[in-house]
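Me: I'm new to this one and would like to learn how to read its aromatic rings. Could you walk me through it?

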Amino acid sequence: MKLIVKKRKVPLAVRKLRALACRLPSNHPKVPLIMNDLKKREAGYKGECSIDFPLSFLEPKSYFIFHDLRLQDQSRFFQLDTLLISKKYALIIEVKNIAGQGRSILIRISIIIRMIEGKETAFPDPIIQVSRQESQLTNWFLKNGFPSLPILLLIVISNPQTIIRTALENHELHYKVIHRDALPAKINQMEHSITESSFSEKDLKKAIRVMNKHHIDADFSILERYNLTEKDLIKGVRIVMAINYLEGMAQGTWLCNQCQLSSKKAHIPALRDYFYLLGSTITNRQLRDFLSISSSSSATRILQSLNLTSSGVNKGRVYRLNFDE
């Protein structure tokens with residue numbers, strides 16, 4: 001039967017960009033760039049999610065599915081959008097969601113050209129990317145003592161209205177670049193084209209276990225990426241329904257003097273923003289600064305209510321946040 005070993009999550013870059021977009025003044029000069037990057041990232045994630053339904057139509061065979069698997073090949077990391085693995089082969093699936101109305105794509109060597117109403121835009125050829133991933137995954141299997149396993153590649157175009165054309169010199173790529181709805185039939189074709197198993201049942205179970213163990217989440221500073229500092233951020237607690245940032249806390253409830261809205265848990269999304277923008281550890285002083293409150297005892301109550309792990313004592317106590325979604 002099919003088994004999703006590693007589920008898909010909203011990418012960390014999307015979560016960090018969303019937090020950053022909410023915490024910058026609307027007139028900040030970096031906002032247009034950040035919003036454009038967020039739009040691209042969200043489109044990519046939407047494209048990746050679009051293959052979940054086609055994959056659900058696979059015949060009940062021994063497929064194991066990893067989403068966003070990140071492994072280390074020597075000193076380098078490589079991340080796979082979606083990896084299917086069975087006793088016969090491993091399949092790397094790279095999803096592309098190329099936006100635009102009336103779109104078509106022409107695949108040439110080392111480049112994809114998007115054409116919309118006569119205008120051309122160039123994109124890096126994903127074949128090069130997945131070929132590199134194929135080499136890295138092959139090395140990973142060998143390094144970890146597994147038998148040689150055929151590794152196949154597919155580029156999936158998530159929008160069914162996109163017209164796919166291949167240049168004459170690259171006509172063989174037609175078999176590697178498909179629409180998402182063709183995915184189940186293509187996988188079944190691959191299954192029948194390989195007659196013998198390379199992995200035993202024991203090998204397969206071990207590979208799944210070791211892959212899970214060796215997966216390492218990527219992390220990075222979103223502020224450093226855009227050359228920003230904490231001083232660029234809007235601090236305080238806000239209610240999602242309102243644009244306003246809350247001005248204070250009374251008897252455990254956040255109050256907005258401007259719009260009269262209130263909330264007992266408005267600090268939780270604020271601390272989630274802190275987690276994605278500034279890091280996973282926080283002190284009482286840092287919480288007061290970010291939430292814009294003056295009471296140390298109120299800050300302590302908030303931290304204690306979240307049942308966070310901590311280290312140190314008194315003013316040196318450091319709490320560890322965890323909003324991994």
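Me: Are Trp-140 and Phe-146 buried or exposed?

Reply: Keep in mind that this is a predicted model. Here, Trp-140 and Phe-146 are both buried.

Me: How do I describe a pair of rings?

Reply: You give the distance of the centres and the angle of the planes. In this structure, a search of the whole model turns up nine aromatic pairs. Take Phe-53 and Phe-57: their ring centres are 4.9 Å apart and the planes meet at 90°, so we call the pair edge-to-face. Trp-140 and Phe-146 are stacked instead, with 6.0 Å centre to centre and 15° between the planes.

Me: And are Phe-53 and Phe-57 buried or exposed?

Reply: Phe-53 and Phe-57 are both exposed.

Me: What sits over the ring of Phe-220?

Reply: Look for a charged end over the ring face. The charged end of Lys-16 is there, 4.7 Å from the centre of the Phe-220 ring. Arg-225 also lies over the face of Phe-220, at 3.9 Å from the ring centre.

Methods: Residues are numbered from 1 along each chain as its sequence is written. This is a predicted model: local features need pLDDT of at least 70, side-chain atom pairs count only at pLDDT 80 or more; totals for chains, interfaces and linings use all residues. Side-chain values use heavy atoms; hydrogens and water are left out. Rings of Phe, Tyr and Trp (its six-membered ring) pair if their centres lie within 6.5 Å; planes under 30 degrees apart count as stacked, over 60 as edge-to-face and the rest as tilted. Buried means under 20% relative accessible area, exposed over 50%, partly exposed in between (1.4 Å probe, protein chains only). A charge sits over a ring if NZ of Lys or CZ of Arg is within 6 Å of the ring centre and within 35 degrees of the ring normal.
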